[in-house]
Amino acid sequence: MNIEQFQHDLLHWYEAEKRELPWRTDQDPYKVWVSEIMLQQTRVDTVIPYFERFIAQFPTVEALAEAEEEKVLKAWEGLGYYSRARNLQAAVREVQEKYGGKVPDTKEEISSLKGVGPYTSGAILSIAYGVPEPAVDGNVMRVISRILSVWDDIAKASSRKIFEEAVRQLISKEDPSSFNQALMELGALICTPTSPSCLLCPVREHCCAFHEGTIAELPVKTKKKTVRHVHLAAAVLKTENGEVVIQKRPKEGLLANLWEFPNTELSGIGNPKVELELFLEREYGVDVHLDSEPFAKIQHVFSHLTWDIDVYAGKMISAEPQKENSRLVRADEVEQYAFSVSHQKIWKKAQHR
């Protein structure tokens with residue numbers, strides 16, 4: 001391959017065709033960092049409004065470092081994978097304390113920050129600081145596997161090194177920022193997982209898979225493990241004066257520190273309504289009257305898990321909830337709290353019953 005010609009063709013295309021995205025308006029390392037964390041496992045179109053609102057609320061390292069976690073999670077609400085937001089804030093606080101608010105510009109320093117892996121560090125260093133470091137995500141691995149005919153399984157962590165070394169050989173030393181973004185853009189717009197637009201590709205003349213007819217076979221990627229299904233029952237409980245019971249999830253684990261409505265995993269053998277009533281009595285110390293049938297059925301799919309939630313409306317007959325981290329809030333206050341997507345859906349359905 002003529003590497004110089006490959007760089008020229010890719011960069012020329014990128015300059016002409018790149019999308020106008022809010023994190024590309026400048027090369028502020030903090031904004032690059034926020035965007036890259038948000039873009040992990042989330043589509044660009046989904047991220048744009050979140051990014052704009054987040055930066056408006058937390059425009060600098062200092063602003064995010066000093067923000068209450070509850071407000072950060074609320075700003076992140078709906079993006080999912082909430083550990084990204086918690087890790088980002090923890091890392092930003094370290095940048096504020098250790099580096100005076102300046103995002104580090106060396107691989108050793110930036111890689112030591114919480115939640116900053118090889119891809120994110122490479123993206124920040126190359127895009128914001130012009131350091132010729134590879135930024136290898138799934139998009140880039142797909143593009144490189146086709147261009148260079150790499151048959152290593154991209155689902156294996158060990159394969160990343162192969163692709164990082166390949167990008168290191170190809171990257172433009174003069175403009176690593178545009179080069180890495182161009183590879184990402186090519187994977188997003190042209191070299192897509194299925195039905196790639198090879199005839200529109202600016203680097204098809206350099207592409208082994210195009211010439212060998214192996215586009216459909218690359219990249220090699222083993223299938224994920226089977227997804228576990230869990231059946232839950234949840235309750236939207238109101239007091240006589242219209243207050244609602246909400247509960248904060250544990251500090252560790254799935255959807256940590258987010259709020260939710262009382263819920264329990266069902267055994268699959270008993271009556272769901274009865275199981276839920278017994279759970280509420282045991283865990284919350286309250287007597288409740290639940291409707292006989294659920295008013296909503298919510299499904300939420302995680303990467304490794306699917307929740308099927310039957311949602312019941314109910315009235316509290318006695319006492320305040322005794323469960324730790326539970327509280328009563330007015331109905332008009334509920335939306336001030338950061339809920340997971342599934343429980344946002346529950347509240348929306350409850351309001352339109």
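These questions and answers walk through a predicted model of one protein chain.

Q: What makes up the protein chain, in helices and strands?
A: The protein chain has 14 helices and eight strands. Its C-alpha atoms fill a box of roughly 75 × 50 × 35 Å along the principal axes. Of its 353 residues, 49% are buried.

Q: What share of the contacts between residues at least 6 apart in sequence join residues at least 24 apart?
A: The share is 67% in the protein chain.

Q: Why are α1 and α11 called roughly perpendicular?
A: Helix α1 spans residues 3–17 and helix α11 spans residues 176–189. Their axes cross at roughly 75 degrees. Angles of 65 to 115 degrees count as roughly perpendicular. The pair is therefore roughly perpendicular.

Q: How do you know that α1 and α11 meet?
A: Contact means heavy atoms within 4.5 Å. On the α1 side, the residues are F6, Q7, L10, L11, W13 and Y14. They meet S178, F179, Q181, A182, L183, E185 and L186 in α11. By class, this contact holds nine nonpolar, three polar and one charged residues. The two axes come within 9 Å.

Q: Why does Q7 count as buried?
A: Q7 lies in helix α1. Its relative accessibility is 12%. Buried means under 20%, so Q7 counts as buried. Beyond its neighbours within four places in sequence, Q7 is in contact with L170, I171, S172 and F179.

Q: What makes α2 largely enclosed by the rest of the structure?
A: Helix α2 covers residues 29–39. Of its 11 residues, 10 are buried, so α2 is largely enclosed. The buried ones are P29, Y30, K31, V32, W33, V34, S35, E36, I37 and M38.

Q: Which helices do the buried residues of α2 pack against?
A: They pack against α3 (44–57), α4 (61–66), α5 (69–76), α6 (83–99), α8 (118–129) and α11.

Q: How do you know that D28 caps the N-terminal end of α2?
A: A side-chain oxygen of D28 lies 2.9 Å from the backbone nitrogen of Y30. A polar contact needs N or O atoms within 3.5 Å. After α2 comes Q41, with a positive phi near 65 degrees.

Q: Why are α3 and α5 called roughly antiparallel?
A: Their axes cross at roughly 155 degrees. Angles over 145 degrees count as roughly antiparallel. The two helices are therefore roughly antiparallel. Their axes come within 9 Å, and α3 passes α5 in a right-handed crossing.

Q: What makes the contact between α3 and α5?
A: Y50, F54 and Q57 in α3 meet K71, V72, A75 and W76 in α5. The contact has five nonpolar, one polar and one charged residues.

Q: Why does T192 count as buried?
A: T192 has 18% relative accessibility. The cut-off for buried is under 20%, so T192 counts as buried. T192 sits in the loop between α11 and α12 (208–212).

Q: What does the side chain of T192 reach?
A: It reaches the backbone oxygen of T194 at 3.0 Å.

How values were computed. Residues are numbered from 1 along each chain as its sequence is written. This is a predicted model: local features need pLDDT of at least 70, side-chain atom pairs count only at pLDDT 80 or more; totals for chains, interfaces and linings use all residues. Side-chain values use heavy atoms; hydrogens and water are left out. Axes are lines fitted to C-alpha atoms, for helices over the stretch in contact, and angles run from 0 to 180 degrees between N-to-C directions. Helices (H or I, at least four residues) and strands (E, at least two) are DSSP runs, numbered from the N terminus. Angles under 35 degrees count as roughly parallel, over 145 as roughly antiparallel, 65 to 115 as roughly perpendicular and the rest as oblique. Ala, Val, Leu, Ile, Met, Phe, Trp, Tyr, Cys and Pro count as nonpolar, Asp, Glu, Lys and Arg as charged, and the others, Gly among them, as polar. Buried means under 20% relative accessible area, exposed over 50%, partly exposed in between (1.4 Å probe, protein chains only). A polar contact is a pair of N or O atoms within 3.5 Å; within protein, one must be able to donate a hydrogen and the other to accept it, and residues adjacent in sequence count only if both atoms are side-chain atoms. A crossing is left-handed if the near helix is turned anticlockwise from the far one by less than a right angle, and right-handed if clockwise.
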